[in-house]
Amino acid sequence: MNSPNEPTPGPGPAAPPPGCPAHAAGADGLRRLYGPEADADPMALYEKLRAEHGAVAPVLVHGDLPAWLVLGHRENLEVARTSTLFSRDSRRWRDMAEGNVPPDHPLTPMTAWQPLCVFADGPEHERLRRAVTDSLSRFEARGIRRYVTRFSHQLVDDFAAAGRADLVDQFAAQLPLRVVTQLFGMPEDYGPRLVDAARDMLGGTETAVASNDYLTETLQQLVERKRATPGHDVASKLIEHPARLSDDEVREHLRVVLVSANEPTVNLIAGTLRLVLTDRRFRANLAGGHMTLPDALEQVLWDDPPMTTNLGRWATGDIELAGKRIKEGDLLILGLAAGNADPAIRPDTSASLHGNRSHLAFSGGPHECPGQDLGRAIADTGIDVLLSRLPDLRLAVPEEELTWNASLMSRPLAALPVRFTPGRLRSAKGSPAPEQAAGAELPPQRSVPSPPALADAPSRTAPGASTSRRPFRRLRWRR
Ligand code: HEM
């Protein structure tokens, strides 16, 4: 097999319209990782590719640009771990250098190089990443769980009386950024605003640029404040770190953490809630105390990983991988979901995975997700609170009616409508207040441009306390 760049012309006048169901494959029969076939059932597409090509398959991404999708578990780890051969530096992308990737290409947000840890290799990557990981590791698990508990109760308070909710929109999509903004040292009411801005920015809507500007301005203000008045928060730790990041580097790494933390954790919460609500084995096991919520999370990280692929790696030279001739400058995409289902390591996907964490959901090698413990803690504490508050939670629609949004890198659940017995509200006072009220230490805020359709932070004056029974064993922080 040759480099996918060789046989594949870009879309020209003779090329079929991308997305045309009659042309699921591009020129030379290469399958597209976008369009109807990929959107309908990406896992089925990965299995077709595996059957046709083995552990590494030539594919097309948007604009029919060629790429390699890594499908094997071992091969994914090999690529992720060997940055000397498979670089994170997108400036190596030959198609980019040759002008085949227009500025408005859908993958540009993930591939436009910036001086950030996500695009760096070797010592520069170590320098930048250490600043991020050291800053994140300053927080005690107990304190983080307190934030998660507090915000989870607040979110449930917002819909508990209604007896129905969409747990994607009203819970999963809200929780991670509320926690992260607290860790950053932002005032509490920034959480909901940033959730709106980040979702709008990544949604590619007409207001995405305005939302991006809002995010930049907010983070810039935070850096200025923390430079003047440091506190016990990620922003201050990044500023103080011996790696001596410039203010721009601090701001942009805060943005990297914010964006990296949000979508996968949202997807993990939504995917786990779906599993718990639809899979009778889990429901029965959980109630019986044999299967913990962390076990359910781990099952999702195997079977429904929050990021289905990771974009990407670029070959530093000509090399053979799983029998395919990769050329210098080729784009490789880590197939995290495909690798998790590789028959070479999971001949029987229904077999128990209890205690096995060798999935690829957090990737591997030097760029392996540094926020995985935090992501797990947000998801399992948040879901624990939710299920404790609403013990008779059930799906409001037949399982077959659930739908997913399609993208190259993830497959988020579109909505998770549920019903439950309307419950009493629980005051935020009922959960221990975070050790430090982040907003209290900040000087008065300069006004920042509001992203479009920003909701004001909801006021919460709910009395009462939860009386629900706890269907799960207490959760512990894991390293
Ligand atoms: C629980 C859900 C999460 C999942 C499934 C997840 C998954 C991933 C994956 C697949 C990568 C790419 C690694 C690579 O390039 O090979 C990554 C990178 C990263 N993640 Fe996560 N992540 C999650 C939560 C978080 C959280 C909560 C944070 C921060 C608090 C975070 C921060 C980061 C950062 C900073 C990187 C870039 C690391 C680097 O390039 O060195 N992630 N994550």
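Helices H15 (residues 293-303) and H17 (residues 372-389) pack with their axes 10 Å apart, at an angle of about 125 degrees. Axes here are lines fitted to C-alpha atoms, for helices over the stretch in contact, and angles run from 0 to 180 degrees between N-to-C directions. Helices (H or I, at least four residues) and strands (E, at least two) are DSSP runs, numbered from the N terminus.

Before going on, a word on the model. It is predicted: local features need pLDDT of at least 70, side-chain atom pairs count only at pLDDT 80 or more, and totals for chains, interfaces and linings use all residues. Residues are numbered from 1 along each chain as its sequence is written.

Back to the first pair. H15 and H17 are therefore oblique to each other; angles under 35 degrees count as roughly parallel, over 145 as roughly antiparallel, 65 to 115 as roughly perpendicular, and the rest as oblique. From H15, the contact uses Leu293, Pro294 and Leu297, and from H17 it uses Arg376, Ala379, Asp380, Ile383 and Asp384. Two residues are in contact if their C-beta atoms, placed from the backbone, lie within 7 Å. By class, that contact of H15 with H17 has 5 nonpolar, no polar and 3 charged residues. Ala, Val, Leu, Ile, Met, Phe, Trp, Tyr, Cys and Pro count as nonpolar, Asp, Glu, Lys and Arg as charged, and the others, Gly among them, as polar.

Now the second pair. The axes of H9 (residues 175-184) and H13 cross at roughly 150 degrees and come within 8 Å. That makes H9 roughly antiparallel to H13. H9 brings Leu175, Pro176, Leu177, Val180 and Phe184 to the contact, while H13 brings Leu254, Leu258, Ala261, Asn262, Thr265, Val266 and Ile269. This contact of H9 with H13 has 10 nonpolar, 2 polar and no charged residues.

Which helix gives the most to the shell around the ligand? H13 does, with 7 residues. H6 (122-136), H13 (247-278) and H17 each supply at least two residues of that shell. In total 28 residues surround the ligand, the closest being Pro264, Ser363, Cys369, Gly371 and Gly375; a residue is near a molecule if its C-beta atom, placed from the backbone, lies within 6 Å of it. The shell divides into 18 nonpolar, 8 polar and 2 charged residues.

Last, the chain as a whole. The protein chain has 17 helices and 11 strands. Of its contacts with a separation of 6 or more, 75% are between residues 24 or more positions apart.
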